[in-house]
Amino acid sequence: MADYIYTLETRLSPDQQKAVTLVLDAAKAAEMNLYLTGGAIRDIITGFPIRDLDFTVQGNALKLHKDLERAGAVVGDADDETRTLLLTLPGGVRAEIAMARSERYDKPGKAPQIAPATISEDLRRRDFTVNAMALSMNEGSRGLLMDPFNGTADIEAKVIRVLHNYAFLEDPSRMIRATRFSTRFHWPLEERTQARYESGKENGYIEYIRSSSIGYEIEQLAYEDDPYGVLKAYEKEGWLKVLNPRWSTAKVDTAGLGALMKTRQQMNELGYTPEVAPAVLHFLTERLGDKDISDLRRAIPRKDLVESWKDLDANAHSLAKRLSGKEAGTPGRTWQLLSSARPEMILFLAITARQQAVAQKIKNFFTKWRQVQQKIPLPEMTELRITPQMPEYAKIANDVFLLLLDGKLRSRTETLKYLKPLAPPPPPPPPPAPTKRGRGGKAAAAAVPAAASAKPGAKGKGKTAAVPATQAQVAPVPASKPAAPAKPVSPAKPAKAAKPRVEKPTGKRPQAKNKAKRKTKPKLQRKKK
Ligand code: ATP
Ligand code: MG
């Protein structure tokens, strides 16, 4: 049997893994069984990126609301009818926690009768076989995959198949979902599913779609990797006008959307992970009227998404203003300002900025200024013992970077002159070498060549210290959280920082002074101990 927990752990991002633990803790505290369901399971098996986490609990998911909020979750919606929470968990992880339920459809167009149920019953109310699987997160059955409709076989066959003949009649939004998944994965509908789909289309099942489903599907569009591709497919199938009667591909700012996706990709490569959904909605609806836009916003269940969408323009405007002012008067200050700005805002402004100067600053932030990192003299810093093990290292590296960026350190010599006084004192002398002759002495001598090959300046336990600082360690990294503003340091007066401590002569070991100069040998002797 496949080890799904292992696969899960290797496929989830660190933030998603933390989110799973957080939800599991909340469910345990409330004594509810927890299952990972829906797309996450499908994506674990297919290898597609896991975009959000859909959980199902046996019990009332709304009871977890307070606990999850205390743990840092933002609740975007709490649906009393299905007892479902839509959340954004720390690290921007999108999640949904639903009560396991059964649904009974009496009439098309009418909401189903909902009742709490077991996970097995819950899987029967799902849309497609590939989405009707659950992975137990519970002690005793952790890792058990429940796949009553053989979704794994359909994933293998790359087809989308409904669970029964009435799937589209009961919930016509499944036709929209079928189009969305088929477009995203390039998987066709299975033959009979296709026939049901065509018949649903011909017979106008879509008229019976519930308004809550419309809102949910508008929201889902925002998270697609190719939202325009899905929108085009919706238009072709006649679903777009269901989401909004005046929506069409002509209302989309395709250039803006294209630029958004391209810039996002570039930011991803630099280690930033901006949430693009609000901006996707902005560009998808760019040419729709205000009334239609507010209708769409009202329909979307996830309120934090709607708020971010609404705030985009104002936030971009305020960032543009700051970038045009004194606060961004030098490259270094601009760097600091942009490092502490939310990646989403930078991304949106990068595409929409009207002032050339603002756009240029963002461009430099992503390209030219980053190259200045290469000028940080890492080997010499290591020689000076200015290594990541130093508590002040990040600040020193950041200061040097900013000074280089602003042209205040213009050469390697100047940079080294600036750095030297910041170097920590040499390591204390080792205890005197054992004078014993025989085996121990031999071993110590034999170990010398290895020590001599260690990097200069390495201290503490060989392995980590000997590894030279990498660019990544030095370079001011993408700040998802605001970076601590580095104090501007005048290159002419570095004396305030870490004055080298002078070793007091003890009189006991007159040879210590000389030994301190020889870095490798003493270290080795210490290690041997
Ligand atoms: P993704 O999140 O990657 O777009 P998903 O399959 O997880 O895909 P969601 O919209 O997140 O889709 O829904 C989570 C799960 O809820 C689905 O996998 C499916 O099992 C179930 N589901 C959602 N909408 C419906 C529906 N209209 N009818 C039946 N089941 C549904
Ligand atoms: Mg999902």
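**Exercise 1. H16 and H19**

Task: In this predicted model, what is the angle between helix H16 and helix H19, and which residues make the contact?

Solution: 
- Step 1. Locate the helices. H16 covers residues 303–324, and H19 covers residues 356–366.
- Step 2. Read the geometry. The two pack at an angle of about 85°, with axes 9 Å apart.
- Step 3. Name the arrangement. Angles of 65 to 115 degrees count as roughly perpendicular. H16 is therefore roughly perpendicular to H19.
- Step 4. List the partners. From H16 come Ala320, Leu323 and Ser324. They meet Val358, Lys361 and Ile362 of H19.
- Step 5. Sort by class. This contact of H16 with H19 holds four nonpolar residues, one polar and one charged.

**Exercise 2. H18 and H19**

Task: How do H18 and H19 cross, left-handed or right-handed, and what classes of residue form their contact?

Solution: 
- Step 1. Find H18 at residues 343–352.
- Step 2. Take the angle. The axes of H18 and H19 cross at roughly 130° and come within 9 Å.
- Step 3. Classify. The angle makes H18 oblique to H19.
- Step 4. The crossing of H18 and H19 is left-handed.
- Step 5. Name the residues. H18 brings Ile346, Leu349 and Ala350. H19 brings Val358, Ile362, Phe365 and Phe366.
- Step 6. Sort them. The contact of H18 with H19 has seven nonpolar residues, no polar and no charged.
- Step 7. Look back at H16. Val358 and Ile362 of H19 also meet residues of H16.

**Exercise 3. H8 and H11**

Solution: 
- Step 1. Place the helices. H8 spans residues 173–185, and H11 spans residues 227–237.
- Step 2. Take the numbers. They pack at about 135°, with axes 9 Å apart.
- Step 3. Classify. H8 and H11 are therefore oblique to each other.
- Step 4. List the contact. H8 gives Ile176, Thr179, Arg180 and Thr183. H11 gives Gly229, Val230, Ala233, Tyr234 and Glu237.
- Step 5. Sort by class. The contact of H8 with H11 has four nonpolar, three polar and two charged residues.

**Exercise 4. Around ligand 1**

Task: How many residues surround ligand 1, and which are the closest?

Solution: 
- Step 1. Count. Ligand 1 is surrounded by 19 residues.
- Step 2. Pick the closest. They are Arg42, Asp54, Arg126, Asp171 and Arg184.
- Step 3. Check Arg42. An N or O atom in its side chain is 2.8 Å from an oxygen atom of ligand 1.
- Step 4. Check Asp171. One of its polar side-chain atoms lies 2.8 Å from a nitrogen atom of ligand 1.
- Step 5. Check Asp52. A polar side-chain atom of Asp52 lies 3.1 Å from an oxygen atom of ligand 1.

Key
Residues numbered from 1 in each chain as written. Chains lettered and ligands numbered in written order. Predicted model: local features only at pLDDT ≥ 70, side-chain atom pairs only at ≥ 80, totals over all residues. Heavy atoms only, no water. Axes fitted to C-alpha atoms, helices over the stretch in contact; angles between N-to-C directions. Helix = DSSP H or I, 4+ residues; strand = E, 2+ residues; numbered from the N terminus. Parallel < 35°, antiparallel > 145°, perpendicular 65-115°, else oblique. Contact = heavy atoms within 4.5 Å. Nonpolar A, V, L, I, M, F, W, Y, C, P; charged D, E, K, R; others polar. Near = heavy atom within 4 Å. Polar contact = N/O pair within 3.5 Å; in protein donor to acceptor, adjacent residues only side chain to side chain. Left-handed = near helix turned anticlockwise from the far one by under 90°.
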